[in-house]
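Good morning, everyone, and thank you for making time for this. Please have the sequence and the picture open while I talk, so that you can find each residue as I name it.

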Amino acid sequence: MIETPYIPAGLGDPPPDFAWKGIEYHIGPLDEVTPLIRWLGNKTTCGVQTLCSGVGFWGVRRLLPHAEGRHNLELAEAGFVGQTNRWAVDVQAGPMARVPEGPPALAAMVGLNIHLRRALDMEEWWPLRSQPVMDLSHLVHLVRHILPATRLPEFDRWLKEVVARVDAVAPKPATSGEIDEFALPGELEALAAPHRGEPLPPDILDITRPFAPEGRTERALAFAASVRPQDNRYLRSPEAIRALEAGE
């Protein structure tokens, strides 16, 4: 499992005393393009998904002592593997549920799962020129809501630094021209590839250490190769990946 030294020890110790009116009240605007969304956007798909995984780690570490959700740690980790192969991750392989009315910790944990699954579903995002920015925004709003107030400055500081790192190495390219409605799948994927970008390594999240842009793709590929399917329920076996690739 990815280590998260940038997340304060004891983050989950305080009891979950946050208010809970329902998931829709704690994930921010559903349609409005806010300054936060513009700040989180304009990155490659891999860049946005990297931020989703990082924000997800914060949320799960906050809630884990109070609600079952270790599978969400695996899902956030699997997101880095998914950046390297469209078929590597099955986001439906773990627990799935509607957000319950309560208790608050469980409801928030399920909410994290829903938005992580949507954002990290590379089967959906791989051939697209758009990115899961709305789900990233929802994750940020949700995590800020559930964190103890004393920890918000640390989270905001972390997010600001990681967004700057991602902006520096994974900006979204300018979109030019309309997509031909008669374009073949391979042509669509070629158009989407620059917007998907290169995979990013988990160490970009660790603001306790300097980030080295050089060699980042190689580190991302090495990390993806090191995570075994038997240790992460969201990863497909090599045989299953080959079968899906053959059926493209």
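This is a predicted model: local features need pLDDT of at least 70, side-chain atom pairs count only at pLDDT 80 or more; totals for chains, interfaces and linings use all residues.

Let me begin with the rings. How many aromatic pairs are there in this model? The count comes to 6 aromatic pairs, and I will take you through some of them. In one of these pairs, Tyr6 and Trp158 are stacked, with 5.7 Å from centre to centre and 10° between the planes. This pair links distant parts of the chain, since Tyr6 sits in the segment before H1 while Trp158 belongs to helix H7, which covers residues 152–169, and the two are 152 residues apart. Both Tyr6 and Trp158 are buried.

A further pair is made by Trp58 and Phe155, and here the arrangement is edge-to-face, with 5.2 Å from centre to centre and 75° between the planes. Trp58 lies in helix H2 and Phe155 in helix H7, so this pair ties together parts of the chain that are 97 residues apart in sequence.

Now to the helices. Two packed helices are described by the angle between their axes and by the distance between those axes. Helix H3, residues 70–82, and helix H4, residues 104–119, pack at an angle of about 20°, and their axes are 10 Å apart. Why do we call H3 and H4 roughly parallel? We do so because angles under 35 degrees count as roughly parallel, and the angle between H3 and H4 is about 20°. The crossing of H3 past H4 is left-handed. On the H3 side the contact is made by His71, Asn72 and Leu75, which meet Met109, Leu112, Asn113, Leu116 and Arg117 on the H4 side.

Another loop, the one between H1 and H2, holds Asn42. Asn42 has a positive phi of about 60°, although it is not a glycine, and with a relative accessible area of 56% Asn42 is exposed.

Thr4 lies in the segment before helix H1, and with a relative accessible area of 13% it is buried. Setting aside residues up to four places away in sequence, Thr4 touches Phe57 and Arg61. Thr45, by contrast, is found in helix H2, which runs over residues 45–63, and at 0% relative accessibility Thr45 counts as buried. Leaving out its neighbours within four places in sequence, Thr45 is in contact with several residues, including Met122, Trp125, Pro132 and His195.

That is where I will stop, and I am happy to go back to any of these places.

How values were computed
Residues are numbered from 1 along each chain as its sequence is written. Side-chain values use heavy atoms; hydrogens and water are left out. Helices (H or I, at least four residues) and strands (E, at least two) are DSSP runs, numbered from the N terminus. Buried means under 20% relative accessible area, exposed over 50%, partly exposed in between (1.4 Å probe, protein chains only). Contact means heavy atoms within 4.5 Å. Axes are lines fitted to C-alpha atoms, for helices over the stretch in contact, and angles run from 0 to 180 degrees between N-to-C directions. A crossing is left-handed if the near helix is turned anticlockwise from the far one by less than a right angle, and right-handed if clockwise. Rings of Phe, Tyr and Trp (its six-membered ring) pair if their centres lie within 6.5 Å; planes under 30 degrees apart count as stacked, over 60 as edge-to-face and the rest as tilted.
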